[in-house]
Amino acid sequence: YTTRMNIRISGGIAAQNGATYDQLFSNGKSAPYGTAFIGYRFDENSDAANYFGLFGTVLKISAPSVQQMDIDEVLAVSPSFNGDPSNAYEVEAGFVFGDWFRLSGGIGNMRIPTVGAWQPNSYYTGTGGFILGRKALNFHATTTVLFGGDLTKTAFRVNAGLGFSFKFLKSRKKYS
């Protein structure tokens, strides 16, 4: 039998920057994130699974990160930005190859708090990274590139955290 479905839930720390990786881990640029994945295994190999599926990510983006994006001219931040953390939501379609390498792309929306309102910003994403551990508990380390839409330059984010993997829905292997 081959286990066909996989759900992964992970969370940790994301460090968002502007147009470069310079000083990415300084000045409070990190904030929490959470990701969920649901995927279908499309191979018969019993050693390492390959999945296609959807990733959903929810994260906070710290005020210093928003300010860095404004300084680097990645994003035009409203002068009424109130200095609170921003929220971002992303949906990506992609692959987990060999149960350890993620490659995905999709869309995102960042909501920057301003005095009395939210400034919405849409963009595209691309994520690549490593998943260490094939059992139920995994370590995730990824890099996300943000581009297009309301962004005038490319921005970068790194994510690191722990996750749980649940595999289910067994089917018979095909024999020739």
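The lining of the largest cavity divides into 5 nonpolar, 8 polar and 5 charged residues (Ala, Val, Leu, Ile, Met, Phe, Trp, Tyr, Cys and Pro count as nonpolar, Asp, Glu, Lys and Arg as charged, and the others, Gly among them, as polar). A cavity here is a set of points on a 1 Å grid over the protein atoms alone where a 1.4 Å probe fits but cannot get out, and lining residues have an atom within 4 Å of a point. This is a predicted model, in which local features need pLDDT of at least 70 and side-chain atom pairs count only at pLDDT 80 or more, while totals for chains, interfaces and linings use all residues. Residues are numbered from 1 along each chain as its sequence is written, and side-chain values use heavy atoms, with hydrogens and water left out.

Let's stay with the cavity for a moment. Of its 18 lining residues, Ser-10, Tyr-33, Thr-35, Arg-102 and Thr-142 lie nearest the centre. Strand E2 (30-41) is among the elements that give two or more residues to this lining, and E2 gives the most, with 4 residues; strands are DSSP runs of E, at least two residues long, numbered from the N terminus.

Arg-102 also lies over the face of Phe-55, 3.7 Å from the ring centre (CZ of Arg or NZ of Lys within 6 Å of the ring centre and within 35 degrees of the ring normal). Likewise, the charged end of Arg-111 sits over the ring of Trp-118, 4.3 Å from its centre.

Now for the rings themselves. The structure holds 9 aromatic pairs, meaning rings of Phe, Tyr and Trp (its six-membered ring) with centres within 6.5 Å. Trp-100 and Phe-130 are stacked because their planes lie at 5 degrees, under the limit of 30, with ring centres 5.7 Å apart.

Technical notes: On a 1 Å grid over the protein atoms alone, a cavity is a set of points where a 1.4 Å probe fits but cannot get out, and a pocket is an open set with protein on both sides within 12 Å along at least five of seven lines; lining residues have an atom within 4 Å of a point. Rings of Phe, Tyr and Trp (its six-membered ring) pair if their centres lie within 6.5 Å; planes under 30 degrees apart count as stacked, over 60 as edge-to-face and the rest as tilted.
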